[in-house]
Structure formats: C-alpha cells, structure tokens
Amino acid sequence: MLPKPLETYKAVFFDVGDTLMTIPASRIIMQQFLASRSLQRGEEQVGELFTEAFRLFYYGKQLDPFAVCTPESDRAFWMKLYHYILEKLGVHEERWTEDQIHECCHGMYDLFTGPEPYQLFDDVKESITKLSERGLRLGIISNFAATLPTILEHKGILHYFDPVIVSTLVGLEKPDPAIFHLALEQSGLAASDVLYVGDHDLNDIWAPNQAGIDAVKIKRYDYHSGTGIHSLHELLA
C-alpha cells in the first residue's frame, strides 16, 4: 500500500542496491575470484558468509554523524567487510600474508563496483518507463560507490533519473536526512511531492520520513520483514 495515491506525487525517487538492481550470482563470482587466488571454498560457504557479513556490517551499521562519506570511506567499509569474510574462510590457515589479504579485498571491491556483475530486477525497465510516461519525475538517492552513474548508464537507465544523488559523490550518506534534503534542493520539489522507494528500514523508510518524504519499502527477498511492496509494478496498480 502506498501512503497516498500515486497521482498525488510529482516524483518517485529510488534507492538502487536491492531495489533496482542486484548481483544475482554474487556467491559464484566471489567463489571464482577466490579460486583464481588458490583459495578453494564451496559456493554455499562463500554465499552464507557474504550474507552474514552484509547483514552484520551494512544492516547493523551505525551512522557516525561526524564521518564524511567519500569514495575512500566507501572502499574502506567494503575492505573491512571482505576482510571479515576472508578471515572466516580461514586465509590465515592457508598462510596468506596481510599483503595478499589486502590485495584480494581491493580486487573484490573493484570487481563489485564495476557494471558487469549487476542485473536489473525484471520489473525495473517496464515500471520506470511507465512511471515516466505518466509524467512522474524519477530520481536516485543511493549509498553507493562513485561508479554508480557508470553502472546505471551501462544498464541503459541513467537517462531516466534526475537528480542522481550518490553518497560518495555528495559527501552525505543515508540514514542522514540531509541527503534527502539535498535531493529536494537539487530537484526543486517539495517533500510532499516525492515518494521514495527502498529496501532498508532505517535508510529508506525512517530517513526520508525525517525529511518529510513519504516512503514505501520494497521487499525483494524473504528476509525482508514488515509491510511493503514486492514489485515496482505495485506502484502502478
């Protein structure tokens, strides 16, 4: 259910990761990447640790109001997450040096911030096309690496969105409501004109609400709890 009928809004802004696109083969890609460095581990083990680390470091992340969001801080965050995975996979028992671990973490960051692993959810292109045809303005507000515009362009959808607010490029990060205020400032819209769609309770529901923006949760996976929609098609229903 939407907070208000869709036609009462002038714009729909979106989160990106696990809202518009995902990496469907992340565990296979990571397993193959590690195998290329002679760390042979099962796909299931790699996948479970990736999910565990993502929940621990991303969903459990606490906002530091004094931290500046930059491409460097984003890389540092993911380096810490990948380091956790490698430790759990037993790289020290494999006699990996800290330099090897460091290089491997950097390599995974570069791999997962490039366009190739990403795939749009099946409902995305049709839904954003129809929303645009209805005269709604579309925008992006995302915690993501600085490569996000390139990825969106590679997927053929960048031209649909204005503004495109990326945390590492603007120095602000969800759940800081300031990133939503910036989006309103850049778009020239009032908070009441915008509906926001994302998958994260704190970042994508609480934070936009603090800026006066209505928000709806999209539940792409079984572990997504609470109320919300399961497809962007439901925005148009």
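Is Arg75 buried, exposed or partly exposed? Arg75 has a relative accessible area of 24% and is partly exposed, where buried means under 20% relative accessible area, exposed over 50%, and partly exposed in between (1.4 Å probe, protein chains only). Before we go on, please note that this is a predicted model, in which local features need pLDDT of at least 70 and side-chain atom pairs count only at pLDDT 80 or more, while totals for chains, interfaces and linings use all residues. Residues are numbered from 1 along each chain as its sequence is written, and side-chain values use heavy atoms, with hydrogens and water left out.

Let us begin with the sheet. Five strands make up an open sheet with parallel pairing, in the order S5-S4-S1-S6-S7. Strands (E, at least two residues) and helices (H or I, at least four) are DSSP runs numbered from the N terminus, and two strands pair if DSSP finds at least two bridges between them. Strand S5 (161–166) and S7 each have a single partner strand, so one side of each is left without a neighbour in the sheet. On average, neighbouring strands are turned by 20° against each other, direction ignored; axes are lines fitted to C-alpha atoms, for helices over the stretch in contact, and angles run from 0 to 180 degrees between N-to-C directions. Within the sheet, strand S1 (residues 11–14) runs parallel to strand S4 (residues 137–142), and 4 bridges join them.

Helix H5 (residues 124–133) touches S1, S4 and S5, and its direction makes about 130° with that of S4. H9 touches strand S6 (194–198) and S7, with its direction at about 160° to that of S7.

Now for the interior. In soluble globular proteins, nonpolar side chains tend to be buried together. Here the largest nonpolar core has 63 residues, and those with the most contacts inside it are Phe14, Leu34, Tyr82, Leu86 and Leu235. Such a core is a set of buried Ala, Val, Leu, Ile, Met, Phe, Trp, Tyr and Cys residues joined through side-chain atoms within 4.5 Å. Helix H3 (residues 71–88) gives the most to this core, with 8 residues. Apart from this core lies another, of 18 residues, including Ile141 and Leu184. Leaving aside neighbours within four places in sequence, Leu235 is in contact (heavy atoms within 4.5 Å) with residues including Leu2, Phe14 and Leu131.

The structure holds 11 salt bridges, each a side-chain nitrogen of Lys or Arg within 4 Å of a carboxyl oxygen of Asp or Glu. Arg75, from our opening question, meets Asp110 in one of these, at 2.8 Å, N to O. Arg75 lies in helix H3 and Asp110 in helix H4, so the pair ties together parts that are 35 residues apart in sequence. Asp110 is partly exposed, at 44% relative accessibility.

Asp201 forms a salt bridge with Lys217, the closest N and O atoms being 2.9 Å apart. Asp201 sits in helix H9 (residues 201–210) and Lys217 in strand S7 (residues 214–217). At 44% relative accessibility Asp201 is partly exposed, whereas Lys217 is buried at 6%.

Finally, the cysteines: the structure holds 0 disulfides, a disulfide being a pair of cysteine sulfur atoms within 2.5 Å. The sulfur of Cys104 is 5.9 Å from the closest cysteine sulfur, in Cys105, which is too far for a bond.
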